[in-house]
Amino acid sequence: MMSDYFDLVKRRESCRNFDPERIVEKEKLTRCAEAAWLAPSACNGQPWKYLIVTNPELAAQLRPMMQELGMNKFLNACNAFAVVVQEATVLKVSASQRLKDQDFAPIDIGFSASQFCYAAAEQGLSTCVIGWHNELKIRELFGLTKTERVRLVLAVGYAKTDKLRTKQRKPIEDVVKYYE
Ligand SMILES: Cc1cc2nc3c(=O)[nH]c(=O)nc-3n(C[C@H](O)[C@H](O)[C@H](O)COP(=O)(O)O)c2cc1C
(Lines give C-alpha, C1' and ligand atoms only; values in the text may rest on other atoms or scores of the structure.)
Protein backbone atom coordinates (compact mmCIF):
# COMPACT_ATOMS: atom_id res chain seq x y z
CA MET A 1 0.00 0.00 0.00
CA MET A 2 1.33 3.41 -0.94
CA SER A 3 1.28 5.74 2.04
CA ASP A 4 0.66 9.48 1.86
CA TYR A 5 4.22 9.95 2.98
CA PHE A 6 5.59 7.98 0.04
CA ASP A 7 3.43 10.04 -2.31
CA LEU A 8 4.95 13.15 -0.83
CA VAL A 9 8.47 11.78 -1.27
CA LYS A 10 7.73 11.24 -4.93
CA ARG A 11 6.11 14.64 -5.33
CA ARG A 12 8.98 16.64 -3.86
CA GLU A 13 11.46 17.69 -6.50
CA SER A 14 13.79 20.62 -6.91
CA CYS A 15 11.84 23.46 -8.43
CA ARG A 16 13.56 25.58 -11.05
CA ASN A 17 10.43 27.05 -12.60
CA PHE A 18 8.91 29.21 -9.89
CA ASP A 19 5.89 31.32 -10.71
CA PRO A 20 6.93 34.89 -9.80
CA GLU A 21 3.30 36.03 -9.61
CA ARG A 22 2.23 33.66 -6.81
CA ILE A 23 3.21 34.86 -3.36
CA VAL A 24 3.75 32.24 -0.63
CA GLU A 25 1.33 32.62 2.26
CA LYS A 26 2.88 33.49 5.64
CA GLU A 27 0.94 30.63 7.35
CA LYS A 28 2.48 28.09 4.99
CA LEU A 29 6.00 29.34 5.69
CA THR A 30 5.22 29.16 9.41
CA ARG A 31 4.19 25.49 9.06
CA CYS A 32 7.42 24.74 7.18
CA ALA A 33 9.45 26.44 9.91
CA GLU A 34 7.60 24.46 12.59
CA ALA A 35 8.38 21.20 10.82
CA ALA A 36 12.06 22.18 10.61
CA TRP A 37 12.07 23.20 14.29
CA LEU A 38 10.72 19.77 15.33
CA ALA A 39 13.47 17.81 13.58
CA PRO A 40 15.67 15.35 15.48
CA SER A 41 19.28 16.25 16.24
CA ALA A 42 22.27 14.73 18.01
CA CYS A 43 21.87 15.17 21.79
CA ASN A 44 18.86 17.34 20.89
CA GLY A 45 21.39 20.08 20.21
CA GLN A 46 19.17 21.75 17.54
CA PRO A 47 22.09 23.59 15.95
CA TRP A 48 19.93 25.55 13.50
CA LYS A 49 18.35 28.89 12.92
CA TYR A 50 15.99 29.77 10.06
CA LEU A 51 15.97 33.26 8.61
CA ILE A 52 12.80 33.53 6.57
CA VAL A 53 13.03 36.19 3.89
CA THR A 54 9.97 37.53 2.09
CA ASN A 55 10.88 41.22 2.24
CA PRO A 56 11.34 42.15 -1.46
CA GLU A 57 14.33 44.45 -0.90
CA LEU A 58 16.15 41.88 1.23
CA ALA A 59 15.31 39.09 -1.23
CA ALA A 60 16.76 41.22 -4.03
CA GLN A 61 20.00 41.55 -2.06
CA LEU A 62 20.11 37.83 -1.22
CA ARG A 63 19.41 36.42 -4.71
CA PRO A 64 22.72 37.39 -6.38
CA MET A 65 24.58 35.76 -3.47
CA MET A 66 23.32 32.43 -4.85
CA GLN A 67 23.91 33.26 -8.49
CA GLU A 68 27.66 33.70 -8.81
CA LEU A 69 29.22 32.42 -12.06
CA GLY A 70 25.80 32.48 -13.73
CA MET A 71 24.35 29.76 -11.51
CA ASN A 72 20.79 29.49 -10.18
CA LYS A 73 19.29 32.07 -12.57
CA PHE A 74 15.85 30.56 -11.93
CA LEU A 75 15.91 32.19 -8.48
CA ASN A 76 14.97 35.50 -10.15
CA ALA A 77 11.40 34.14 -10.12
CA CYS A 78 11.50 33.09 -6.45
CA ASN A 79 10.24 35.46 -3.77
CA ALA A 80 10.66 33.51 -0.52
CA PHE A 81 13.79 32.07 1.01
CA ALA A 82 14.82 30.32 4.20
CA VAL A 83 18.48 30.82 5.09
CA VAL A 84 19.56 27.82 7.13
CA VAL A 85 22.18 28.78 9.68
CA GLN A 86 24.23 26.27 11.62
CA GLU A 87 24.99 27.49 15.11
CA ALA A 88 28.11 26.80 17.15
CA THR A 89 28.12 23.31 18.65
CA VAL A 90 27.10 23.15 22.30
CA LEU A 91 29.35 21.39 24.81
CA LYS A 92 27.42 18.14 25.25
CA VAL A 93 27.34 17.63 21.48
CA SER A 94 30.98 18.50 20.94
CA ALA A 95 32.01 16.02 23.65
CA SER A 96 30.03 13.16 22.12
CA GLN A 97 31.10 13.89 18.56
CA ARG A 98 34.73 14.00 19.62
CA LEU A 99 34.33 10.59 21.23
CA LYS A 100 32.63 9.21 18.13
CA ASP A 101 34.74 11.09 15.56
CA GLN A 102 31.63 12.58 13.94
CA ASP A 103 30.42 16.01 12.95
CA PHE A 104 26.74 15.90 13.81
CA ALA A 105 25.68 19.46 13.07
CA PRO A 106 25.56 19.24 9.23
CA ILE A 107 23.65 15.95 9.61
CA ASP A 108 21.17 17.66 11.94
CA ILE A 109 20.83 20.54 9.47
CA GLY A 110 20.05 18.04 6.71
CA PHE A 111 17.27 16.42 8.73
CA SER A 112 15.78 19.77 9.64
CA ALA A 113 15.98 21.29 6.16
CA SER A 114 14.44 18.12 4.77
CA GLN A 115 11.49 18.45 7.15
CA PHE A 116 11.06 22.03 5.96
CA CYS A 117 10.98 20.92 2.32
CA TYR A 118 8.49 18.09 2.89
CA ALA A 119 6.22 20.39 4.89
CA ALA A 120 6.34 22.73 1.89
CA ALA A 121 5.49 19.92 -0.52
CA GLU A 122 2.64 18.81 1.70
CA GLN A 123 1.15 22.30 1.41
CA GLY A 124 1.45 22.43 -2.37
CA LEU A 125 4.61 24.53 -2.36
CA SER A 126 7.81 23.79 -4.21
CA THR A 127 11.37 24.20 -3.00
CA CYS A 128 14.93 24.07 -4.19
CA VAL A 129 17.80 23.48 -1.79
CA ILE A 130 20.59 25.90 -2.63
CA GLY A 131 24.12 24.96 -1.63
CA TRP A 132 25.72 27.27 -4.20
CA HIS A 133 25.80 30.43 -2.14
CA ASN A 134 28.32 32.98 -0.95
CA GLU A 135 28.46 32.25 2.74
CA LEU A 136 30.55 35.30 3.67
CA LYS A 137 28.24 37.74 1.90
CA ILE A 138 25.11 36.20 3.37
CA ARG A 139 26.66 36.24 6.82
CA GLU A 140 27.39 39.91 6.39
CA LEU A 141 23.90 40.67 5.04
CA PHE A 142 22.28 39.23 8.18
CA GLY A 143 24.94 40.37 10.63
CA LEU A 144 25.87 36.81 11.59
CA THR A 145 28.97 35.95 13.57
CA LYS A 146 31.84 33.73 12.42
CA THR A 147 30.52 30.78 14.41
CA GLU A 148 27.20 30.92 12.55
CA ARG A 149 27.60 28.97 9.31
CA VAL A 150 25.25 29.50 6.42
CA ARG A 151 24.81 25.91 5.26
CA LEU A 152 21.88 26.15 2.86
CA VAL A 153 19.27 28.47 1.49
CA LEU A 154 15.87 26.99 0.73
CA ALA A 155 14.07 28.65 -2.15
CA VAL A 156 10.31 28.41 -1.70
CA GLY A 157 7.44 29.18 -4.03
CA TYR A 158 4.81 27.84 -6.35
CA ALA A 159 5.89 25.95 -9.43
CA LYS A 160 4.52 27.12 -12.77
CA THR A 161 3.40 23.59 -13.54
CA ASP A 162 2.34 20.50 -11.58
CA LYS A 163 4.10 18.20 -14.01
CA LEU A 164 6.78 16.15 -12.26
CA ARG A 165 10.06 15.00 -13.77
CA THR A 166 11.18 11.39 -13.78
CA LYS A 167 13.55 10.99 -10.83
CA GLN A 168 17.16 10.49 -11.84
CA ARG A 169 18.76 8.18 -9.32
CA LYS A 170 21.45 5.50 -9.15
CA PRO A 171 19.97 2.00 -9.39
CA ILE A 172 18.49 1.15 -6.00
CA GLU A 173 20.43 -2.14 -5.92
CA ASP A 174 23.65 -0.11 -5.94
CA VAL A 175 22.75 1.91 -2.88
CA VAL A 176 20.66 -0.41 -0.71
CA LYS A 177 22.04 -3.70 0.58
CA TYR A 178 20.00 -6.17 2.60
CA TYR A 179 21.58 -8.55 5.10
CA GLU A 180 18.85 -11.07 5.88
C1 LIG B 1 22.95 20.23 -0.26
C2 LIG B 1 22.26 20.48 -1.57
C3 LIG B 1 22.66 21.56 -2.35
C4 LIG B 1 22.00 21.83 -3.55
N5 LIG B 1 22.34 22.97 -4.26
C6 LIG B 1 21.64 23.29 -5.39
C7 LIG B 1 21.87 24.53 -6.07
O8 LIG B 1 22.66 25.37 -5.66
N9 LIG B 1 21.15 24.76 -7.19
C10 LIG B 1 20.23 23.88 -7.68
O11 LIG B 1 19.61 24.18 -8.72
N12 LIG B 1 19.98 22.71 -7.05
C13 LIG B 1 20.64 22.40 -5.91
N14 LIG B 1 20.36 21.24 -5.22
C15 LIG B 1 19.31 20.33 -5.74
C16 LIG B 1 19.89 19.04 -6.32
O17 LIG B 1 20.48 19.31 -7.57
C18 LIG B 1 18.74 18.01 -6.44
O19 LIG B 1 18.25 17.71 -5.15
C20 LIG B 1 19.16 16.69 -7.10
O21 LIG B 1 19.58 16.92 -8.43
C22 LIG B 1 18.00 15.67 -7.12
O23 LIG B 1 16.88 16.18 -7.80
P24 LIG B 1 15.47 16.42 -7.09
O25 LIG B 1 15.69 17.28 -5.87
O26 LIG B 1 14.62 17.12 -8.12
O27 LIG B 1 14.90 15.09 -6.71
C28 LIG B 1 20.98 20.96 -4.01
C29 LIG B 1 20.58 19.88 -3.22
C30 LIG B 1 21.19 19.65 -2.00
C31 LIG B 1 20.69 18.51 -1.14
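## Cysteines

The sulfur of Cys-78 lies 7.8 Å from the closest cysteine sulfur, that of Cys-15, which is too far for a bond. A disulfide would need the two sulfur atoms within 2.5 Å. By this rule the count of disulfides is 0. The model is a predicted one.

Two of the cysteines can be described by their accessibility. Cys-78 counts as buried because its relative accessibility is 1%, and the limit for buried is under 20%. Cys-43, at 36% relative accessibility, counts as partly exposed.

## The sheet

The strands S1, S2, S4 and S3 form, in that order, an open sheet of 4 strands with antiparallel pairing. S1 (residues 48–53) and S3 are the edge strands; each has a single partner strand, so one side of each is left without a neighbour in the sheet. On average, neighbouring strands of this sheet are turned by 20 degrees against each other, direction ignored.

S2 (residues 80–86) runs antiparallel to S4 and is joined to S4 by 7 bridges. S3 (residues 126–130) is also antiparallel to S4, with 5 bridges between the two. Val-156 of S4 is the bridge partner of Ala-80 and is also the bridge partner of Thr-127. Leu-154, again in S4, is the bridge partner of Val-129.

## Strand S3 and Ser-126

Although S3 stands at an edge of the sheet, 4 of its 5 residues are buried, so S3 is largely enclosed by the rest of the structure.

Ser-126 lies in this strand. Its relative accessibility is 17%, and Ser-126 therefore counts as buried. With neighbours within four places in sequence left aside, Ser-126 is in contact with Cys-15, Phe-18, Ala-155, Val-156, Gly-157 and Ala-159.

## Helices H2 and H5

Two helices are described here by their placement on the sheet. H2 (residues 26–37) lies across S1, S2 and S4 and runs at about 170 degrees to S1. H5 (residues 104–122) lies across S1, S2, S3 and S4, and its direction is at about 10 degrees to S4.

H2 and H5 also meet one another. Their axes come within 7 Å and cross at roughly 145 degrees, and the crossing is right-handed. On the H2 side, Arg-31, Cys-32, Ala-33, Ala-35 and Ala-36 take part in the contact; on the H5 side the residues are Ser-112, Gln-115, Phe-116, Ala-119 and Ala-120.

## Helix H4

H4 spans residues 91–100, and Val-93, Ser-94 and Gln-97 in this helix are buried. These residues cover an arc of only 95 degrees around the axis, which puts them on the same side of H4. The buried residues of H4 pack against H5, the helix that lies across S1, S2, S3 and S4.

The face of H4 turned away from the buried side carries the exposed residues Leu-91, Lys-92, Arg-98 and Leu-99. Asp-101 follows H4 and has a positive phi, near 50 degrees.

## Leu-136 in helix H6

Leu-136 belongs to helix H6, which covers residues 135–141. With a relative accessible area of 58%, Leu-136 is exposed, the limit for exposed being over 50%.

Leu-136 and Met-65 are separated by 71 residues in sequence, while their C-alpha atoms are 9.3 Å apart in space.

Methods:
Residues numbered from 1 in each chain as written. Predicted model: local features only at pLDDT ≥ 70, side-chain atom pairs only at ≥ 80, totals over all residues. Heavy atoms only, no water. Pairing = 2+ DSSP bridges. Buried < 20%, exposed > 50% of the residue type's maximum accessible area, 1.4 Å probe, protein only. Axes fitted to C-alpha atoms, helices over the stretch in contact; angles between N-to-C directions. Contact = heavy atoms within 4.5 Å. Arc of directions from axis to C-beta. Left-handed = near helix turned anticlockwise from the far one by under 90°.
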